[in-house]
Each structure stands twice: as structure tokens, then as C-alpha cells.
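Work through the exercises below with the sequence and the structure at hand. Each task is followed by a solution in steps.

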Amino acid sequence: MDLIRNSIDFSQKDVEGVVVIELYKGNITITGRSSPKALYNADLASMDIEGGGDAFDYNPSDAEGFIRINSVRLKTYAALRAKYA
């Protein structure tokens with residue numbers, strides 16, 4: 001049990017932000033969220049912006065290789081960690 005608790009604590013050490021929820025008749029709806037350390041990047045996620053992923057060495061043709069796509073997430077995480085280190 002200690003391993004699980006320590007793993008969760010470690011995985012959440014860089015998590016911070018605000019989540020706005022709405023409660024109604026036993027249901028929970030997330031109506032907003034924000035974080036200064038968010039990994040989401042609108043330019044990277046958009047397929048409409050030319051060169052949107054250039055800062056993370058991403059090109060849409062990379063979709064042919066799962067490993068390269070997965071590395072974008074890791075590069076984003078490393079850049080975020082370096083920014084707040």
C-alpha cells in the first residue's frame with residue numbers, strides 16, 4: 001500500500017491549478033479548468049495553424065510513428081519541468 005501512496009504522491013507533485021465544477025442532482029459537471037503548468041498547448045493541438053508544433057519538433061506526418069508522437073508529450077513535460085525547476 002505504501003508503494004501506491006508514494007507513487008500517487010510522486011505523480012501529482014507538479015499538479016496545480018483550479019477546476020470549476022457544477023453540482024446538480026447528484027451529477028458533477030466540469031465547467032472550467034486552468035493551470036500554470038498545463039501540458040496542453042492550443043497551437044500544438046490545432047491542425048489549422050501552420051507550424052503550430054514547430055517549438056516541439058512536431059510535424060503532422062509524424063502520425064506514421066507512434067513513438068515519435070508519444071515523445072511530443074515527453075518533450076512538453078521536460079520543457080515544463082525545466083521552466084519551473
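## Exercise 1: Salt bridges

Arg81 has a relative accessible area of 34%, so it is partly exposed. The model is predicted.

Task: find how many salt bridges the whole structure holds, and state which parts of the chain they join.

Solution. 
1. A search of the whole structure gives 2 salt bridges.
2. One of them is formed by the side chains of Asp14 and Arg81, with an N to O distance of 2.6 Å. Asp14 belongs to the loop between helix H1 (2-11) and E1, and Arg81 to helix H3, so this pair ties together parts 67 residues apart in sequence.
3. Asp14 is partly exposed because its relative accessible area is 24%, between the limits of 20% and 50%.
4. Glu16 and Lys37 also meet through their side chains in a salt bridge, at 3.6 Å from N to O. This pair links distant parts of the chain, 21 residues apart: Glu16 is in the loop between H1 and E1, and Lys37 is in the loop between E2 and helix H2 (42-45).

## Exercise 2: Lys37

Task: decide whether Lys37 is buried or exposed, and state which ring face it lies over.

Solution. 
1. The relative accessibility of Lys37 is 18%. Buried means under 20%, so Lys37 counts as buried.
2. Lys37 lies over the face of Tyr84, 5.2 Å from the ring centre.

## Exercise 3: The nonpolar patch

Task: list the residues of the nonpolar surface patch and state which element supplies the largest share.

Solution. 
1. The patch is made by Val19, Ile21, Leu23, Ile28 and Ile30 and covers about 520 Å².
2. Strands E1 (18-24) and E2 (27-34) each supply at least two of the patch residues.
3. The largest share, 3 residues, comes from E1.
4. Ile21 lies in E1. At 46% relative accessibility, Ile21 counts as partly exposed.

## Exercise 4: Two single residues

Task: describe the backbone of Lys25 and the side-chain contact of Thr76.

Solution. 
1. Lys25 is in the loop between E1 and E2. Its phi is positive, about 50°, although Lys25 is not a glycine.
2. Most residues other than glycine have a negative phi.
3. With a relative accessible area of 70%, Lys25 is exposed.
4. Thr76 is placed in helix H3 (residues 66-83). At 10% relative accessibility, Thr76 counts as buried.
5. The Thr76 side chain reaches the backbone oxygen of Val72 at 2.8 Å.

Terms used
Residues numbered from 1 in each chain as written. Predicted model: local features only at pLDDT ≥ 70, side-chain atom pairs only at ≥ 80, totals over all residues. Heavy atoms only, no water. Patch = residues over 30% accessible without salt bridge, like charges linked within 9 Å, V, L, I, M, F, W, Y side chains within 5 Å. Areas by Shrake-Rupley, 256 points an atom, 1.4 Å probe, with all protein chains shown as cover. Salt bridge = Lys/Arg side-chain N within 4 Å of Asp/Glu carboxyl O. Helix = DSSP H or I, 4+ residues; strand = E, 2+ residues; numbered from the N terminus. Buried < 20%, exposed > 50% of the residue type's maximum accessible area, 1.4 Å probe, protein only. Polar contact = N/O pair within 3.5 Å; in protein donor to acceptor, adjacent residues only side chain to side chain. Lys NZ or Arg CZ within 6 Å of the ring centre and 35° of its normal.
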